[in-house]
Amino acid sequence: MDAYDEGSNARHGPDAPRRPAPPAQRSAPADSAAPDASPGPPEPDVHPGPEPAPVASPVPSEPVVSAVPSAQVASPVPSAQVASPAPRGPWPPGEPRSGIAALSPRYQVGVALALAVVAIGVCVHIGMTFLHVAPPNTVTRTHGEAVDDWIYPEFEQNWKLFAPNPLQQNISIQVRAGVRGPDGMTQTTGWYDLSAEDGRAIDGNLLPSHTQQNELRRAWDFFVATHDSENRPVGLRGSLSESYLRRIMVLRLGRDDAVRAATGSTGVIERVQVRSRTSNVPPPEWSREKVSTTPSYRELPWWRVPQDEARGGVR
């Protein structure tokens, strides 16, 4: 066979460059690349001689793919040679602890105890100061000496947090009227507790009126502040407070269904009399303080109602 034969099985001399295999053989599977024909006669021994110079070939040389077993074929990413991730080391340490958490457990317990002692001391001081500035009450009467020992002299207070004379009594305002009937006879009604009526109107009412809460109470306070113990007015404000309180009584009696029923709705109010009923607020059950709960009354003289007020001239 000619050395320059283009066949795939042609043999080449030692000086001739190897020709690349046809594409069909390069793409063929490795298992099918083994020749089925029996091997030919052995090649003659060639003695090595001086290495000839390379001969330029008109056809560029390409790498020859020889048929090798499938176990030796290089794969793009051999499974045995795939780079595995680096072994996991210890996790990086977290952020450094600060504050109490950076202390040892023994010191943490000590700090917690110190904070608890400080909190208790602050609460005791606030409580003692509150009792010192508060009006006299059951606690201060029982433990007043201990409160004073705590306050004086370092924490002395010279001001009052609450009113100097807080209301510790139940005061109700009552009124009765002299009504002249159609026959010309004057009939005296019973006592009507106007404060109790206001209390019933306020109880359970989320938005009670200002009149129900303060009108009667403020009118009585105005009268007491402008009259002496004998119910005599002091100055012009005393006379004004009488007129104000009397008009409130007439208006309330005129709107009272019980008064209209007692007088047959045809009577005319000629005069009114006002009195106050005062009783001390009972102490709590756990207190050893003894307070009299017997009510005391303060009756004012009869006030004659002017004709315009009696006939509904007051609005």
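Which residues touch the most other members of the largest nonpolar core?

## Nonpolar core

In this predicted model, the largest nonpolar core has 21 residues, of which Val175, Leu245, Met249, Val272 and Val274 touch the most other members. Such a core is a set of buried Ala, Val, Leu, Ile, Met, Phe, Trp, Tyr and Cys residues joined through side-chain atoms within 4.5 Å, where buried means under 20% relative accessible area with a 1.4 Å probe and protein chains only. Two or more residues each are given to this core by β1, α5 (210-225), α6 (235-255) and β4; the largest share, five residues, comes from α6.

Leucine 245 touches Ala219, Trp220, Phe223, Val274, Leu300 and Trp303, with residues up to four places away in sequence not counted. Contact here means heavy atoms within 4.5 Å.

## Strand pairing

Helices (H or I, at least four residues) and strands (E, at least two) are DSSP runs, numbered from the N terminus; two strands pair if DSSP finds at least two bridges between them. Strand β1 (residues 169-180) pairs with β4 (residues 268-280) in the antiparallel sense over 12 bridges, and alanine 177 has valine 272 of β4 as its bridge partner.

Strand β1 also runs antiparallel to β3 (residues 192-193), joined by two bridges; here valine 175 is partnered by tyrosine 192.

## The β1-β2 hairpin

Three bridges link β1 to β2 (residues 186-188) in the antiparallel sense, with glutamine 187 of β2 as the bridge partner of valine 179. Five residues lie between the two strands of this hairpin, and glycine 184 in the turn has a positive phi of about 90°.

## Basis of the values

Residues are numbered from 1 along each chain as its sequence is written, and side-chain values use heavy atoms, leaving out hydrogens and water. As the model is predicted, local features need pLDDT of at least 70 and side-chain atom pairs count only at pLDDT 80 or more, while totals for chains, interfaces and linings use all residues.

Methods: Buried means under 20% relative accessible area, exposed over 50%, partly exposed in between (1.4 Å probe, protein chains only).
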